[in-house]
Amino acid sequence: MPRLTPTDRSLPPAAPRARRLLRGLCAGLLMAAQVALPLRAQAQLLPGMGDGGEMTAAAERHLGDQIARELYRDPDYLDDPVLVEYVQDVWQRLLAAARVRGELTPELDERFAWTILLGRDRTINAFALPGGYLGLNLGLLAVVGSRDELATVLGHELSHVTQRHIARIMAKQSQQLPLMLAALVLGVIAASKSRNGDAGQAMIMGSQAAFMQNQLSFSRDMEREADRVGFGVMTQAGYAPQGAAAMFEKLQYAARLNDNGSYPYLRSHPLNSERIADMQGRFQFRPGNAAALPLLMDHAMITARARVFTRPGVDVLRQWVDAAGAGEFARSSPAQQAGTLYAAALSANELRDFKAARALVQRLIARTAGDAPSARLARLLSAEIELAAGAPQAAAALLDPKAKDRPEMLLAAQAAVATHSPAPMIPPLRDWVATHPRDATVWRMLANLYGANNEPVSAIRADAESNVATLDLAAARDRFKAAQDLVRKPGSVPIDHYEASIIDTRARAVDALLREQAAEEKRPPR
């Protein structure tokens, strides 16, 4: 079976449409991005159940890793340090609250990934995946009005995972799900071989229609449980109940509109009258009477960044640039003005109009003066624009090379490479990956720093570690082998025996994981 990837340019136009259709069908649950796996691997997607008939935590994590491996390769996947930092701040507070409440058990805390993957998709969606992975579309991040609304969504999805809803569904459908997955794979292959894709899409739609509604949707009881637990977690974390009220109002309003495909979150988490009544009684609010939460400057800027990074097109970017000079701008609130200026400056940067971007970001800096979080975002955006404009010295002057936060550290490292002064930035990034070993982006930047500092063995090792972090073990093995070959080549590079020892140890560990994967693929389905 050919390996189908989102970047395979040999496929006809029908194949990308089939992939988008399949991702849309499965985004709400556990089959996102599974279509790229070989059939033998598909047969292994349902590990044997325990005596209780429920998937073990280890088996669920293994399945989640398989899905995440493909999502990391999706061109829509985005690790933007500014957006990730903002989401992680909310996410870590929710995880801490779930631990305090006992919703997140020590076993799940240790075994699961607890990782959020951002996607550039403009649709308003978020979804839980097996093993503690969550997907969050920028389309949803762009419409939430506060951290509290974002906490409502993430808390709900977190609760689907902590309450083992995915494992319970998988256990219930253990006999039928492999057949569904096989049908979906065959549908994508058919679409890849067809000029119009009709045959493949018909197969996908046929299998979906027979299976999706009743067997891949969370049940009403599960939705109510996620509502109840998620609300408790987000309020325990210190987020305002009004955030849940505001998000619920948005969902209820969207549910009354015709389904035009713009709100897929409602299809994977449907609002029915029973659930609405249960939520209203439990949360003790009614739509329309919840006190509105104020729009904060930094949140307005984050949602603006999310909108721009959904790649809306040149015409829309130009409209956002023009919005900073429109008559409505002067009549908007300071937070709205900050969001408009941020979107305009970032849009101009995306359009490579650096003169306009610089002028707009200076207006933004003046607008955010006195508000520390938003002023920091404005300064980082200014540095980002200078780097894009080919002025790394100007960017470096805006940044603190000793900063410990991830966005500023990565920008400072980028400036250091561009100004041919990488050495000072190596220690802080090395310290970061020591405590965040699964941060692929920092590993890649560290590889760039080592390369610019003429340390090729360390650069190759860091590149290998970035592949491990994105679960591409085969690529990691190749890079570790390349580092070993370079060390063993007489007189090629100065030998750091400590680094060479680490490379040998990591290479053996990756080889062991690859052997384990190969054994699982050969093992007959249970």
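**Exercise 1.** In this predicted model, find which helices the buried residues of helix 19 pack against.

*Solution.* Start by listing the buried positions of helix 19: F354, A357, L360, V361, L364 and T368. Buried here means under 20% relative accessible area. Next, look for what these side chains meet: they pack against helix 15 (297–308), helix 16 (314–323), helix 18 (334–350) and helix 20 (372–388).

**Exercise 2.** Work out why the buried residues of helix 19 line one face of the helix, and check the length of the helix.

*Solution.* Take the buried set again, from F354 to T368. Looking down the axis of helix 19, you will see these residues fall within an arc of 125 degrees, so they share one face. Then turn to the other side, where K355 and A366 are exposed. Finally, step just past the helix: G370 has a positive phi of about 100 degrees.

**Exercise 3.** Describe the largest pocket: what is its volume, and which element gives the largest share of its lining?

*Solution.* First, the volume is about 860 Å³. Second, the lining has 29 residues, with V84, Q88, T115, R438 and D439 nearest the centre. Third, the elements giving two or more residues to this lining include strand 1 (77–78), strand 2 (115–119) and helix 24 (440–452). Helix 4 makes the largest contribution, seven residues. Last, sort the lining by class: 15 residues are nonpolar, seven polar and seven charged.

Definitions and conventions
Residues are numbered from 1 along each chain as its sequence is written. This is a predicted model: local features need pLDDT of at least 70, side-chain atom pairs count only at pLDDT 80 or more; totals for chains, interfaces and linings use all residues. Side-chain values use heavy atoms; hydrogens and water are left out. Helices (H or I, at least four residues) and strands (E, at least two) are DSSP runs, numbered from the N terminus. The expected span of a helix is 1.5 Å times one less than its number of residues. Buried means under 20% relative accessible area, exposed over 50%, partly exposed in between (1.4 Å probe, protein chains only). The arc is that of the directions from the helix axis to the C-beta atoms. Contact means heavy atoms within 4.5 Å. On a 1 Å grid over the protein atoms alone, a cavity is a set of points where a 1.4 Å probe fits but cannot get out, and a pocket is an open set with protein on both sides within 12 Å along at least five of seven lines; lining residues have an atom within 4 Å of a point. Grid points are joined across faces, edges and corners, and a volume is the space filled by probe spheres set on the points. Ala, Val, Leu, Ile, Met, Phe, Trp, Tyr, Cys and Pro count as nonpolar, Asp, Glu, Lys and Arg as charged, and the others, Gly among them, as polar.
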